[in-house]
Each structure stands twice: as C-alpha cells, then as structure tokens.
Amino acid sequence: MLVTGTDAAVGKTVVTAAVVAAVGATGASVAVLKPAQTGARPGRESDVDTIRRLAGPAHARSLAEYNEQLPPLAAARATGKPPVALDDVLLAVEEFEEKHDLVLVEGTGGLLVPMGEGWTTADLAQQLGGLALVVAPAEIGAINHTALTLEALSHRGCPAYVVIGAWPAAPDAVHRMVLADLPGTRAGVVPDGAVGWPPERFRKAAPSWFAPGFAAAVTVEP
C-alpha cells in the first residue's frame, strides 16, 4: 500500500508508523519501504528510523538517501548521486511481499513529485495497484489538494483512503470544517504531536485512530 500526501510535511511518516502499529496489533507482519529519503544528515532521525522507533515494523529500509532537502530527483542531481529507479522500488516491494502480510511504501512530498528519472509517485501508485493512503492536513486548502490527489489516483485506477495527519488537540472552526468536508473515504485521524510520544503509548493508541475494520481491509493474507 502506498502512503502519499497532499504535500510535504503533512504527516506521512507518523501516519505510516500508525498503520504499522494498528496492523501489527492484529498479529500481522508489516514492512516499510522508503524509496528516497531527502534531508538525510548525521544526527537527524530519518523517516525510517522514526517509524522503527514508534511502531517497530518487522522490516524497514530506504533505497536511497540524499542530504539535500529537495524533491528526490533534484536532490540526486544536487548531490551527484544516482536517482532511485522505479524498477528497483518495485523489486524491493516484491521481495517484501513474499515475507510480510502488508508492505507500506512511503512516498516523498506529493503524488506528482519527481522521484527519479521519468517517474513520479503517481507512476509508482499505478504500478503497485491496490490501495493508496492519502495523508492530508486539517488546514485551509486541504479539501482542494485532497480532491486533486484522489482524482489523480482514480485516473490511474488506484482506490484510496484519506487520513488526517495531525489533528490538533484544540480544534477550531476551520479544523472542524475540513474534517466535515474533506473528500474521499476517511480511514483515520492521527493526533498532532504523536510523533513525539513514547513508543508504548503510540502503539497502544494507534489502533483507535483508524476506522473499525481498517487493519483487516489493508492486510493481504499470506
């Protein structure tokens, strides 16, 4: 299952960790693949490390790391490193699928961000097939951006759920409006600040953030 978002910094990593914890609580084995990590620097926790800390997936790895905080293709060019190839991502997913009940692929930025030479996360979604998870913020603009993302996925034959990535502890009228009017099938709401929770608290609470039956719906029988 692809985890994408309406933009960068909308909570994709914490939502990915929450799905790992929720599905893992059912006894299923969950693996996480990050095709490209940008902004990777010594002393800075990577997205994969954050997911490992919060949720303890059975396996988690990134295929490429770039220290520039840019879209992956631009980061590869800026650092002189080779860009990640779509075929390599698909091969890694296939290898994970042989051993795990659910494989989560966390994208970088939004759906049409250039990931490598000649491909975007949208191309990856189409190649993967199956469900996608769209992470949206509880902010003005989220309704339009979510609708555009869902439309792009639909055109590629990819059904999707929507998750709010950082629901505030004290929501105001704008947050409630977004919650009420956000398009698509809402699968969950992750509280703001959960990325800083102790792992025990995070893993215990995560299943309650998703709709009943969500974990079963996204898990493939081995």
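## R77 and its partner E117

In this predicted model, R77 counts as exposed, at 57% relative accessibility, and its side chain meets that of E117 in a salt bridge with an N to O distance of 3.7 Å. R77 belongs to helix 3 (residues 72–79), whereas E117 sits in the loop between strand 5 (114–116) and strand 6 (119–120), so the pair ties together parts of the chain that are 40 residues apart in sequence. E117 is likewise classed as exposed, with a relative accessible area of 52%, a value that passes the cut-off of over 50% for that class.

## Other salt bridges

The count of salt bridges comes to five. Side chains of opposite charge can pair when their charged atoms come close. One of these bridges joins the side chains of D49 and R52, at 2.9 Å from N to O; the two residues are three apart in helix 2 (residues 47–55), and are therefore separated by about one helical turn. D49 is partly exposed at 34% relative accessibility, and R52 is also partly exposed, with a relative accessible area of 40%.

The side chains of E45 and R53 meet in another salt bridge, for which the N to O distance is 2.9 Å. E45 is partly exposed, its relative accessible area being 40%, and R53, at 30% relative accessibility, counts as partly exposed as well.

## Overall fold and surface

The protein chain contains nine helices and nine strands. Its radius of gyration is 16 Å, close to the 17 Å that the globule rule gives for 222 residues, so the chain is as compact as a globular protein of that length. The C-alpha trace spans about 45 × 40 × 35 Å along its principal axes.

Of the 222 residues, 51% count as buried, and the accessible surface of the chain comes to about 10100 Å², with 52% of that area belonging to carbon and sulfur atoms. When contacts between residues at least 6 apart in sequence are considered, 76% of them join residues that are at least 24 apart.

## V103, a buried strand residue

V103 lies in strand 4 (residues 102–106) and counts as buried, at 7% relative accessibility, because buried is defined as under 20% relative accessible area. Although V103 and M1 are 102 residues apart along the chain, their C-alpha atoms are separated by 6.1 Å. Once neighbours within four places in sequence are left aside, the residues in contact with V103 are M1, A31, V93, F96 and E97.

Q126 is found in helix 5 (residues 121–128), where it is partly exposed with a relative accessible area of 44%. Leaving aside neighbours within four places in sequence, Q126 is in contact with R156 and C158. The C-alpha atom of Q126 is separated by 28 Å from that of E139, a residue 13 places away along the chain.

P159 has its place in the loop between helix 6 (142–155) and strand 8 (160–167), and its relative accessible area of 44% makes it partly exposed. Apart from neighbours within four places in sequence, P159 is in contact with G130, L131 and A132. For P159 and L133, which are 26 residues apart in sequence, the C-alpha to C-alpha separation is 8.8 Å.

## A9, a loop residue with positive phi

A9 occupies the loop between strand 1 (2–5) and helix 1 (12–24), and its phi is near 60°, a positive value in a residue other than glycine. At 84% relative accessibility, A9 counts as exposed.

How values were computed
Residues numbered from 1 in each chain as written. Predicted model: local features only at pLDDT ≥ 70, side-chain atom pairs only at ≥ 80, totals over all residues. Heavy atoms only, no water. Helix = DSSP H or I, 4+ residues; strand = E, 2+ residues; numbered from the N terminus. Rg over C-alpha atoms; globule rule 2.2 N^0.38 Å. Buried < 20%, exposed > 50% of the residue type's maximum accessible area, 1.4 Å probe, protein only. Contact = heavy atoms within 4.5 Å. Areas by Shrake-Rupley, 256 points an atom, 1.4 Å probe, with all protein chains shown as cover. Salt bridge = Lys/Arg side-chain N within 4 Å of Asp/Glu carboxyl O.
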